[in-house]
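Hi,

Here is the structure I promised to pass on. Have a look, and my notes follow below.

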Amino acid sequence: MAVSTTVSKRIKRKAPRAFLRRTFKRKKPHLRLETDCDLLIHLNCLLFVHRLAEESRINACESKSRVIKKDHILAAAKVILKKSRG
């Protein structure tokens, strides 16, 4: 048997900075943002999605379901948004 010679390359994923900046300029052209503001917003979105996934997984386990359903995600979103308001 021949040994597989495929080398797994580590893919570096970067934040979609150009897309975020373009979106900000279209929606709110009067805002003056710092240079790294788009990275902070991207990080905030990733943290929200991670919390949403964890909370919806917990909701699915509590209802004895192996699949995360729409209801689990909506309930988790309500909880997370209430916590983030302060």
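How are H2 and H3 oriented to each other? They are oblique, because angles under 35 degrees count as roughly parallel, over 145 as roughly antiparallel, 65 to 115 as roughly perpendicular and the rest as oblique. The axes of H2 (residues 37-62) and H3 (residues 70-85) cross at roughly 125° and come within 8 Å. Axes here are lines fitted to C-alpha atoms, for helices over the stretch in contact, with angles from 0 to 180 degrees between N-to-C directions. Helices are DSSP runs (H or I, at least four residues), numbered from the N terminus.

Before you go on: this is a predicted model, where local features need pLDDT of at least 70, side-chain atom pairs count only at pLDDT 80 or more, and totals for chains, interfaces and linings use all residues. Residues are numbered from 1 along each chain as its sequence is written, and side-chain values use heavy atoms, leaving out hydrogens and water.

The other pair is H1 and H2, which pack at about 100° with axes 10 Å apart. H1 and H2 are therefore roughly perpendicular to each other. Contact (heavy atoms within 4.5 Å) is made by Arg 17, Leu 20, Arg 21 and Phe 24 of H1 with Asp 38, Leu 39, Ile 41 and His 42 of H2. That contact has 4 nonpolar, 1 polar and 3 charged residues, where Ala, Val, Leu, Ile, Met, Phe, Trp, Tyr, Cys and Pro count as nonpolar, Asp, Glu, Lys and Arg as charged, and the others, Gly among them, as polar.

Cheers

Definitions and conventions
Helices (H or I, at least four residues) and strands (E, at least two) are DSSP runs, numbered from the N terminus.
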